[in-house]
Amino acid sequence: TRRTKSEQPTLLHFDGATHHSYQSPPRAWETVYCRREPTPVECAYRALDMNKKLVEVEDDEGNENFQINSDDKSGVKSVFANVDISKGSYIMPSDIAASVSLSDEVVAGLEDNINVQSTGKVTVIENFLAFIYKNGHRSRTEGINLNYVEVGATTFIRKTDEKDATNVGRWVPTHPGGQDPVFSPVYDRHRLAFDLFLVATKDIKAGEEIVRPVTF
């Protein structure tokens with residue numbers, strides 16, 4: 001906050017609770033925001049689409065919806081569909097929701113620990129950092145400095161930078177404007193879901209490999 005020429009405070013009656021309300025706006029703000037015309041694109045994603053399927057690793061009867069294979073030579077794992085999955089279905093939602101969030105400061109602290117000369121070799125921390133680098137991705141929201149690390153079966157899904165080769169991706173697509181709005185209570189209230197949930201971007205047949213973008 002910049003100083004004023006009068007040396008008077010720039011903000012009045014602004015406390016921690018007020019500041020927090022801008023980080024986590026109430027539902028009323030979201031409702032009013034979504035009454036705009038035309039309706040903001042992100043308002044279509046305020047809740048899960050109940051017409052779409054939740055394709056977990058196993059269904060309620062214990063049948064496996066996915067098969068995890070391992071290459072005999074490299075040991076690299078990959079995931080294949082055991083059932084037909086329609087476009088828009090949510091992929092392993094429970095596994096993806098179990099992701100761990102780590103701030104940049106936490107990651108930096110871990111990196112500093114392995115560089116301390118007197119500690120010797122710290123294999124556990126090094127292995128954990130390697131896991132973070134491989135299975136983590138940054139929040140799409142700039143400024144919050146959060147990283148999400150997947151710990152479930154989604155970590156075995158192969159990644160590629162070939163867009164046409166992928167069949168799953170982010171639940172919420174990139175904003176038509178090229179970047180998220182400066183102010184949107186929808187993004188603020190549902191940031192975690194927007195950062196994590198995977199959906200099928202096309203119909204997937206049983207036996208097909210599940211492939212995701214390398215950037216997510």
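**Backbone and salt bridges**

Mentor: Start with Pro-38, in the loop between helix H2 (27-33) and strand S1 (54-55). Helices (H or I, at least four residues) and strands (E, at least two) are DSSP runs, numbered from the N terminus. The model is predicted: local features need pLDDT of at least 70, side-chain atom pairs count only at pLDDT 80 or more, and totals for chains, interfaces and linings use all residues. Residues are numbered from 1 along each chain as its sequence is written, and side-chain values use heavy atoms, with hydrogens and water left out.

The peptide bond from Glu-37 to Pro-38 is cis, with omega near -5°. Most peptide bonds are trans, and most residues other than glycine have a negative phi. Glu-7 has a positive phi of about 70°. Glu-7 lies in the segment before helix H1 (16-23). Met-92 also has a positive phi, near 45°. Met-92 sits in the loop between strand S4 (90-91) and helix H3 (93-97). Buried means under 20% relative accessible area, exposed over 50%, partly exposed in between (1.4 Å probe, protein chains only). Glu-7 is exposed because its relative accessibility is 56%. Met-92, at 0%, is buried.

Now the salt bridges (a side-chain nitrogen of Lys or Arg within 4 Å of a carboxyl oxygen of Asp or Glu). The whole structure has 7. One of them joins Arg-189 and Glu-30, at 3.4 Å from N to O. This pair links distant parts of the chain: Arg-189 is in helix H6 (residues 185-189), Glu-30 is in helix H2, and 159 residues separate them. Glu-30 is buried at 3%, whereas Arg-189 is partly exposed at 34%.
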